[in-house]
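Student: I have a model open and would like to go through it with you. Could we take it question by question?

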Amino acid sequence: MTTATPCEPLIRLRSAAFGYGARRVVSGIDLEIAPGRFLGIVGPNGSGKTTLFRGLLGLVPPLEGSCARTGRAVIGYVPQRESLDASFPLTVREVVEMGTYQRLGRLRRPAAEDLALVDEWIERVGLAPQRTRPFAELSGGQRQRALLARALVTRPDVLLLDEPTSGVDRGAQEQILALLSELHRGGLAILLVSHQLSLVRRFVEEVLVVADGRVQQGTPVELLTPERLELLFGAGAGGD
Amino acid sequence: MEFSWLERLSLFRFALLASFTAGLVCPLVGAFLWLRRTSFYGITLPQFSAAGVVLGYVCLPWWITTIGLGGLSLDEALGDPHTIMNYLLAWAALACLAGLAALVWLGRRGRGSETGRVAAAFALATAATYVFGRLSPVGQSHVEELLHGEVLGVGSHECETIVFVLLLVLALLLLFRRELALVSFDPEFARVLQKRVLALEVLLHCLCTLTVAAGTIIVGPTMLFGLLVLPPLAARPFARSMGAFLALSSGAGLLAALLGTTLSFQADLPLGAAIVASAGLTLLPAALRRASA
């Protein structure tokens, strides 16, 4: 876990711009993710929210400005499950165990307490009966929970999720969101990208709206008004 | 003159040890190639290595007069198994690494289809092998042996070399198997964990290069790519975990070595080809399982 003080931000962007090659996709970003915050990133397709998200993860270096993690803040990352090759012969336990690989011990093996943590999180996300099943045989919602458990095994200070409820049935969505709420109440900072605005309105405390290469920050009440949503997404964009 | 089984095992002990070691380790490297959807590299890279070896023979007279090879003359070098083996191993490894780097680089640029690139590379490397072979002023018999892959001709020095190299590859694969699986399955998650993804990729490519270089020279390209490609294909339908996939791949390779040896001794067939044919037989259960699914 981080050595940052309670008020010190975990990730700080200062006049940051992100893009690919010489092309800026988003710019002029000043953002601090403090411990315990719950943020959502929304925006139309092609607005740059994924680029911003990848910049926060450290996968894309800033073209301008700075993007820094405080101390040794640990980022837990939950990718979109479609980005993973389901033909890999991995069990649920093997996938979740990957979250321990930043702390491998002697002979590059996870320590006993880390293996216990793996089992604990598999239990908490409700996948204990599926622990030895191949990851490829799980439903969409189950895979998402396995990836969430993998991220939580890293003992993160901040959890970044990319469309965590995309393509998942209603029941599984509620399970995932309930778990995220519980984690947030426990003090974990969470940032998620989502196109499901009803989810964003219900759960997040602050919203980052990405549009035309710029980022606006505020509460869902301030920024997700019907008028703004129509401007961003077109007519009928008030719900999901 | 008929030899008993025991006599044959004794007579060909170095060839058998080399074959069984290859049967144990090559499928593990092939398993990682399969996971990364680069199985065809297992067919093409041995051809690059073979071309490298033959190019080494072409350059040998020049190398001895210009750079030197332990102070030996050309005839002395050709007659010294240690020196010539190490020299050719370096050429095989360099050619394999160059081919691998080219395939990876072209793959990242995303131009054309992967299958097309690998097929073209295989054709070019094979043609280069034969062209260099015709140009080589020395070692014609060695070149022909290489191209035919006469495993039974493996002597003590070749056996020592391939066993050492492959056991080193095995040790490193087992030690880093978790991280290699991670960077193959989810490289972005590995980067977020601040793992040294590039170093791990380089490690895997180096292990592949060592396996292919030593295997090409000592057991021949045919047996090598048979053991890289076929056992993981045989194992995959039965493997429900990464550990099982690696163990079953290696097991299928050992089974192929055992069956191939039996077939070779019983029917007086070339050992390398018999092992590859046996590896093909191990695909039958996989095919039956897929058909019944």
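Student: Which residue forms a salt bridge with A:Glu64?

Tutor: Happy to start there, keeping in mind that this is a predicted model. A:Glu64 lies in strand S4 of chain A and its partner in strand S2 of chain A, so the pair ties together parts that are 40 residues apart in sequence. The closest N and O atoms are 2.6 Å apart, inside the 4 Å limit for a salt bridge. The partner is A:Arg24.

Student: In what order do the strands of the open sheet of three strands stand?

Tutor: Start from the edges: strand S2 (23-33) and strand S4 (64-69) of chain A each pair on one side only. Strand S1 (residues 11-20) of chain A pairs with S4(A) in the antiparallel sense over five bridges, and A:Ile11 stands opposite A:Arg69 in S4(A). Neighbouring strands are turned by 35° against each other on average, direction ignored. The order in chain A is therefore S2-S1-S4.

Student: Which helix packs on that sheet, touching S1, S2 and S4 of chain A?

Tutor: Look for a helix whose direction makes about 125° with that of S1(A).

Student: What is the order of the open sheet of six strands?

Tutor: S5 and S9 of chain A stand at the edges, each with a single partner strand, so one side of each is left without a neighbour in the sheet. Inside the sheet, four bridges join strand S3 (residues 38-42) of chain A to S8(A) in parallel, with A:Val42 opposite A:Val209. By contrast, S8(A) and strand S9 (residues 214-218) of chain A run antiparallel, and the pairing of the sheet is mixed. The order in chain A is S5-S6-S7-S3-S8-S9.

Student: Which residue in the turn of the hairpin formed by S8(A) and S9(A) has a positive phi?

Tutor: Five bridges join these two strands, and A:Val207 stands opposite A:Gly218 in S9(A). Two residues lie between the strands. The one with a positive phi, about 50°, is A:Asp212.

Student: Which helix touches S3, S6 and strand S7 (189-193) of chain A?

Tutor: Helix H4 (residues 140-153) of chain A lies across S5 and strand S6 (158-162) of chain A, at about 170° to S5(A). The helix you want covers residues 170-185, and its direction makes about 145° with that of S7(A). That is H5(A).

Student: How much area do chain A and chain B bury between them?

Tutor: The contact takes 33 residues from chain A and 26 residues from chain B. In chain A, A:Phe88, A:Pro89 and A:Arg108 lose the most area to chain B, together 25% of what that side buries. Carbon and sulfur atoms carry 60% of the total buried between the chains, which is about 2800 Å².

Student: How many salt bridges are there between chain A and chain B?

Tutor: One of them joins A:Arg54 to B:Glu188, with the closest N and O atoms 2.4 Å apart. For context, a search of the whole structure finds 21 salt bridges over all chains. Between chain A and chain B the count is six.

Student: Which element gives the most to the side of chain A that touches chain B?

Tutor: By class, that side has 17 nonpolar, six polar and ten charged residues. With three residues, the element that gives the most is H2(A).

Note on methods
Residues are numbered from 1 along each chain as its sequence is written. Chains are lettered from A and ligands numbered from 1 in the order in which they are written. This is a predicted model: local features need pLDDT of at least 70, side-chain atom pairs count only at pLDDT 80 or more; totals for chains, interfaces and linings use all residues. Side-chain values use heavy atoms; hydrogens and water are left out. Contact means heavy atoms within 4.5 Å. Buried area is the accessible area (1.4 Å probe) that two parts lose on being put together, summed over both. A salt bridge is a side-chain nitrogen of Lys or Arg within 4 Å of a carboxyl oxygen of Asp or Glu. Ala, Val, Leu, Ile, Met, Phe, Trp, Tyr, Cys and Pro count as nonpolar, Asp, Glu, Lys and Arg as charged, and the others, Gly among them, as polar. Axes are lines fitted to C-alpha atoms, for helices over the stretch in contact, and angles run from 0 to 180 degrees between N-to-C directions.
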